[in-house]
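Hi,

Here is the structure I promised to pass on. Have a look at it first, and my notes come after.

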Amino acid sequence: MPLSAQTRREKQKAELRSELVDAAHKLVQEEGYEGLTIRKLAKRVGYAPMSVYSYFADKQDILFALAEDAFKTLAKRIEDHPAADDPIEALQVVMNEYAAFGLGNPNEYRTIFMTEKVKPPEGRTFAEMQEGNPLMKVLIDRVEACVAAGKLKGDPRAIATMLWAVGHGTISLLITFPFYPFGDQQAFVKRMCDFTLAALATQDVPPLTETPVNC
């Protein structure tokens, strides 16, 4: 069945937005945060700057799009990884892949995950973005499996958030203090992950807030 004119326009718009996101990834990989400008992005894809503004209101909107795209890519990499019988090993895969992304793409990690986000994209809330985050969903699902198996105890979202905080902090330190004697980076990441999981296994982790949050 032929596509309607509206469907074709929507398809073309989605394709151009995807092209812009891909180009933005390359810009930050090559030049970091400073290199990501509307003008440079427009030039890279061969469009007028005003065309880019019809997709992204400002630089922060582009950063959100990059973050969401990175979360999708990471979630897929994790889900494509061979299944582990031990739920703790399956949880460690999430941490390992997250670390591999950050250490393998320091400019992109610094730009996407270490730049302050002061407002959500127009028409969306931070809570909606969090609920739609596929990487956080994978992380929470695997924490829930550990809780169900008796390996961890407590609120899955709280545990997942604490693991994310440790992972992010570790990667951020390795990227921003490259001359500190951490030793082998991957070994240090594993040590931090093992230490955190061992500490969490000794306690019943309460929720982060008094108001319940759906996982």
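Below is what turned up, starting with the ground rules and then going through annotations, cavities and rings.

This is a predicted model, so to speak a computed one throughout: local features need pLDDT of at least 70, side-chain atom pairs count only at pLDDT 80 or more, and totals for chains, interfaces and linings use all residues. Residues are numbered from 1 along each chain as its sequence is written, and side-chain values use heavy atoms, with hydrogens and water left out.

**Annotations**

UniProt, in an unreviewed entry, lists "domain: HTH tetR-type" at residues 14–74. The span is 84% helix and 0% strand, and its end C-alpha atoms lie 21 Å apart. The entry, again unreviewed, also places a "DNA-binding region" at residues 37–56. That stretch is 65% helix and 0% strand, with 11 Å between its end C-alpha atoms. UniProt positions are in the numbering used here, feature names are shortened, and annotations may be inferred rather than shown by experiment. Helices (H or I, at least four residues) and strands (E, at least two) are DSSP runs, numbered from the N terminus.

**Cavities**

How many cavities of 30 Å³ or more does the whole structure hold? The search finds 2. A cavity here is a set of points on a 1 Å grid over the protein atoms alone where a 1.4 Å probe fits but cannot get out, and lining residues have an atom within 4 Å of a point. Grid points are joined across faces, edges and corners, and a volume is the space filled by probe spheres set on the points.

The largest cavity has about 130 Å³ of space. Its lining includes Phe71, Met95, Tyr98, Trp164 and His168. Two or more lining residues come from each of α5 (87–104), α8 (134–148) and α9 (156–176), and α9 gives the largest share, 4 residues. By type, the lining has 9 nonpolar residues, 3 polar and no charged. (Ala, Val, Leu, Ile, Met, Phe, Trp, Tyr, Cys and Pro count as nonpolar, Asp, Glu, Lys and Arg as charged, and the others, Gly among them, as polar.)

The second largest cavity has about 80 Å³. Among the residues lining it are Met95, Tyr98, Gly167, Thr170 and Cys193. Here α5, α9 and α10 (185–200) each supply at least two residues, with α9 giving the most, 4 residues.

**Rings**

There are 7 aromatic pairs in the structure. Rings of Phe, Tyr and Trp (its six-membered ring) pair if their centres lie within 6.5 Å; planes under 30 degrees apart count as stacked, over 60 as edge-to-face and the rest as tilted.

Phe71 and Phe113 have ring centres 5.3 Å apart and planes at 40°, so this pair is tilted. Phe71 is in helix α4 (residues 59–80) and Phe113 in helix α6 (residues 106–113), so the pair ties together parts 42 residues apart in sequence. Both Phe71 and Phe113 are buried (under 20% relative accessible area, with a 1.4 Å probe and protein chains only).

Tyr98 and Phe113 make another tilted pair, 6.2 Å centre to centre with 45° between the planes. Ring pairs link Phe71, Tyr98, Phe101, Tyr109 and Phe113 into a cluster.

Finally, the charged end of Lys59 sits over the ring of Tyr33, 3.6 Å from its centre (NZ of Lys within 6 Å of the ring centre and within 35 degrees of the ring normal).

Cheers

How values were computed:
On a 1 Å grid over the protein atoms alone, a cavity is a set of points where a 1.4 Å probe fits but cannot get out, and a pocket is an open set with protein on both sides within 12 Å along at least five of seven lines; lining residues have an atom within 4 Å of a point. Buried means under 20% relative accessible area, exposed over 50%, partly exposed in between (1.4 Å probe, protein chains only).
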